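Here are some notes for a first look at this entry. Please keep the viewer open while reading.

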Amino acid sequence: MFRPGALKRLLRRKAGGAGGKKAGGGIAAPDDDKLRLRMVESQIAARGVRDPRVLAAMRKVPRHLFVPPGQESRAYDDEPLPIGAGQTISQPYIVAFMTEVLDLRAEDRVLEVGTGSGYQTAVLAEIVRKVFSVEVIEELSRRASRTLERLGYRNIVFRTGDGARGWIEEAPFDAILVAAAPAAVPPALRDQLAVGGRMIIPVGSGAQELVLVRRTERGTEEACVLSVRFVPLI
Ligand code: SAH
């Protein structure tokens with residue numbers, strides 16, 4: 001999982017690269033730590049997220065290292081932010097909410113569709129045994145895997161491609177988290193859920209709902225849990 005020593009090295013490298021100056025809020029770690037704790041209290045715990053593992057992961061993962069250079073000062077704001085290629089890093093609360101409804105266990109293997117910045121990937125990797133993360137835009141996948149590797153995560157594997165097809169060689173998954181919205185739940189993802197598995201996925205064009213899908217021995221059950229706005233699944 002995430003090693004504090006690796007973070008220190010990354011922070012040093014980033015500070016050196018910026019010539020010791022702060023860019024857009026820079027990497028002032030103590031301030032960022034404070035902002036992150038405040039984010040968890042005011043945006044996440046205050047809105048009802050209770051799972052201690054989710055709260056601990058959100059307190060730990062340095063979100064400011066997942067936003068584009070110059071945007072660090074906005075990393076703990078209550079909103080999504082652009083990450084390039086027309087994509088966004090999700091609002092912190094949505095990351096926490098989706099993680100909590102998956103009801104994860106330490107031994108779970110999780111498929112993530114839409115790596116994006118890799119921030120949600122890190123939150124998942126803090127909680128579960130292994131994360132398989134698929135991203136359709138190669139540049140984003142490469143950038144995210146670099147960030148996560150530098151932070152010391154060793155339980156994540158990345159793939160570039162269409163996540164709507166899932167990851168058949170590694171299926172079935174205990175949980176699937178989808179971060180871009182298709183018009184309907186892709187059948188391949190439903191099929192790659194283990195019995196007892198859970199999937200959270202935004203569905204719809206225009207108005208979207210986060211749908212929680214549970215695989216049982218008899219089939220799947222679905223429930224709409226929140227109205228949301230995600231980028232479309234490509
Ligand atoms: N949780 C991410 C969200 C990124 S936005 C974060 O917080 O950074 C959703 C991501 O899904 C984008 O990076 C987009 O490129 C990706 N995406 C869209 N369609 C996809 C598809 N068919 N397969 C895999 N990834 C896809």
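How do the residues of the shell around the ligand divide into nonpolar, polar and charged? There are 11 nonpolar, 10 polar and 2 charged residues. Bear in mind that this is a predicted model.

1. **The shell.** The ligand is surrounded by 23 residues. Ser117, Glu135, Asp162, Gly163 and Ile234 are the closest. Strand 2 (87-89) and strand 4 (130-135) each supply at least two residues of this shell. Strand 2 gives the largest share, 3 residues.

2. **Polar atoms at the ligand.** Start with Ser117: a polar atom of its side chain lies 2.7 Å from an oxygen atom of the ligand. The backbone takes part too. At Ile234, a polar backbone atom is 2.8 Å from a ligand nitrogen atom. At Val136, a backbone N or O atom lies 3.2 Å from a nitrogen atom of the ligand.

3. **Burial.** The ligand taken alone exposes 580 Å². The protein buries 99% of that area.

4. **The pocket.** Look next at the space itself. The ligand sits in the largest pocket, which holds about 520 Å³ of space. Its lining counts 32 residues. Thr88, Ala179, Ala180, Phe230 and Val231 lie nearest the centre.

5. **The lining.** By class, the lining of this pocket has 17 nonpolar, 11 polar and 4 charged residues. Strand 2, helix 4 (92-101), strand 3 (109-113), helix 5 (119-127) and strand 4 each supply at least two of the lining residues. Strand 2 again deserves a look: the largest share of the lining, 3 residues, comes from this strand.

Notes. Residues numbered from 1 in each chain as written. Predicted model: local features only at pLDDT ≥ 70, side-chain atom pairs only at ≥ 80, totals over all residues. Heavy atoms only, no water. Near = heavy atom within 4 Å. Polar contact = N/O pair within 3.5 Å; in protein donor to acceptor, adjacent residues only side chain to side chain. Areas by Shrake-Rupley, 256 points an atom, 1.4 Å probe, with all protein chains shown as cover. 1 Å grid on protein atoms, 1.4 Å probe; cavity = no way out; pocket = protein on both sides within 12 Å on 5 of 7 lines; lining within 4 Å. Sits in = over half its atoms within 2 Å of the grid points. Helix = DSSP H or I, 4+ residues; strand = E, 2+ residues; numbered from the N terminus. Nonpolar A, V, L, I, M, F, W, Y, C, P; charged D, E, K, R; others polar. Points joined across faces, edges and corners; volume = space filled by probe spheres on them.
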